[in-house]
Amino acid sequence: MAQIEVKVPQLSESVAEATLLVWHKKVGETVGRDENLIDVETDKVVLELPAPGAGTITQIIKGDGSTVVAGEVIAIIDTEGSAKVSPMEVSSLPVQPEAPAAAAAAPAPASKAGVAMPAAAKILADNAMSALDVAGSGKDGRVTKGDVLGAIAAPGAAKPAVAAPAPAPAKAPLQQVAAPGAAGLGERPEERVPMSRLRARIAERLVMSQSTNAILTTFNEVNMQPVIDLRNKYKDKFEKEHGVKLGFMSFFVKAAVAALKKYPVINASVDGNDIVYHGYFDIGIAVGSPRGLVVPILRNADQMSIAEIEKRIGEFGAKAKEGKLTLDDLTGGTFSISNGGIFGSMLSTPIINPPQSAILGVHATKDRAVVEDGVVVVRPMNYLAMSYDHRIIDGREAVLGLVAMKETLEDPARLLLDL
């Protein structure tokens, strides 16, 4: 019998461990080479773990939700198909084996029905659902990501059967809590779910940023009419020529790069008692995903055309939605842009993404009354906010840097003349 080990792939230097999400195969099932066996979640990305060879899974050593490290063996594959599956190996399945109908009627004392895995809990929360609404196929009845996605795709699917009515859901994650002094307000349900690795990492980095940086924010307003006119004039030809729509983010990226060239300290970072000036412009673009906020990097943005920027941002958005961003996509960056305007934000004070020293916040463009040459006119205005680390960036550089971005957006021809 020839066996091969399924091992956790190499993680990045900054990632010590990962979590196994959902096994896509069971013990006894055959797999093809490079077929995805399980999704592995780190604090940055979700990785697919392909089968190292074709064969039959004879043992699953680590089940759904297990914490693992790089190189750890999590399953065994028999490449000749001659192995027998032992009862012990079957018990390692992330999915419970089928039980006789009579036994199914009796409640299992160790059942975890109504308990969602971390990735599943996130999707449930996003869709205002409870783990009790979904039939769990994971170990001990746990609700997996696949169960939730299946329930959302088929909302009419049957819910898990209950053997006998219970007076109170004592083991459900929903806890009926009456707040002190809140008599007469009725039941107040709460649900406790663990943070995903990504969410925990985001929380850690944001707290670290605020505790280690001297963050200050400067604001300015920009008349977006010139960019809107330029976009409206060329958007059809642009899409026909480049195969991608002309958006606004590429203009913000170009304006940011122009300002960073004029004021290099905004593109710098702190390393101990040293200031590191970067001779390149890697711009992070904050993107919302089902797993949380991620910041993929536009590398050498100063060398990219507007079409290349739009294509890359589109790719990032699609990969973030599908959970396909790689560690390389998210590593590095010298300056970031966060676009809260797509959600309707008017103003915000963005938090710096360490080890960077500044971040630009872009907001919703709205028609507003402004004064030009003593006359009140209506213009499509956008409020820009730039948070910066006051340890190395003085107010002068920060304000002038934001003004440079404003001037470029209000007169895009500056980009052609390098002004």
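This is a predicted model: local features need pLDDT of at least 70, side-chain atom pairs count only at pLDDT 80 or more; totals for chains, interfaces and linings use all residues.
A crossing of two helices is called left-handed if the near helix is turned anticlockwise from the far one by less than a right angle, and right-handed if it is turned clockwise. I start with that because two packed helices are described by the angle between their axes and the distance between the axes, and handedness will come up alongside both.

Residues are numbered from 1 along each chain as its sequence is written, and side-chain values use heavy atoms, with hydrogens and water left out.

The secondary structure comes to 11 helices and 21 strands, where helices (H or I, at least four residues) and strands (E, at least two) are DSSP runs numbered from the N terminus. Of the 419 residues, 42% count as buried, which is to say under 20% relative accessible area, with exposed meaning over 50% and partly exposed in between, for a 1.4 Å probe and protein chains only. Among contacts with a separation of 6 or more, 64% are between residues 24 or more positions apart, a contact being heavy atoms within 4.5 Å.

Now to helix α7, residues 249-262, which packs against helix α10, residues 395-410, at an angle of about 135° with the axes 8 Å apart. The axes are lines fitted to C-alpha atoms, for helices over the stretch in contact, and angles run from 0 to 180 degrees between N-to-C directions. Angles under 35 degrees count as roughly parallel, over 145 as roughly antiparallel, 65 to 115 as roughly perpendicular and the rest as oblique, and α7 and α10 are therefore oblique to each other. The crossing of α7 past α10 is right-handed. On the α7 side the contact includes F251, F252 and K262, and on the α10 side it includes G401, M405 and L409. By class, its residues divide into 9 nonpolar, 2 polar and 1 charged, where Ala, Val, Leu, Ile, Met, Phe, Trp, Tyr, Cys and Pro count as nonpolar, Asp, Glu, Lys and Arg as charged, and the others, Gly among them, as polar.

Helix α7 also meets helix α8, residues 306-322, with axes that come within 9 Å and cross at roughly 120°. These two helices are therefore oblique as well, and α7 passes α8 in a right-handed crossing. M249, S250, F251, V253 and K254 of α7 make this contact with I306, I309, E310 and I313 of α8, giving 6 nonpolar, 1 polar and 2 charged residues.

Strand β2, residues 18-23, pairs with β7 over 2 bridges, and T19 has T67 in β7 as its bridge partner.

Another open sheet of 4 strands has the order β1-β8-β6-β3, again with antiparallel pairing. Here β1 (3-7) and β3 (30-31) each have a single partner strand, so one side of each is left without a neighbour in the sheet. Strands β6 (55-60) and β8 (73-78) run antiparallel and are joined by 4 bridges, and the partner of Q59 in β8 is I76.

Finally, G279 lies in the loop between β13 (274-276) and β14 (283-285), and it counts as exposed at 75% relative accessibility.

Technical notes
Two strands pair if DSSP finds at least two bridges between them.
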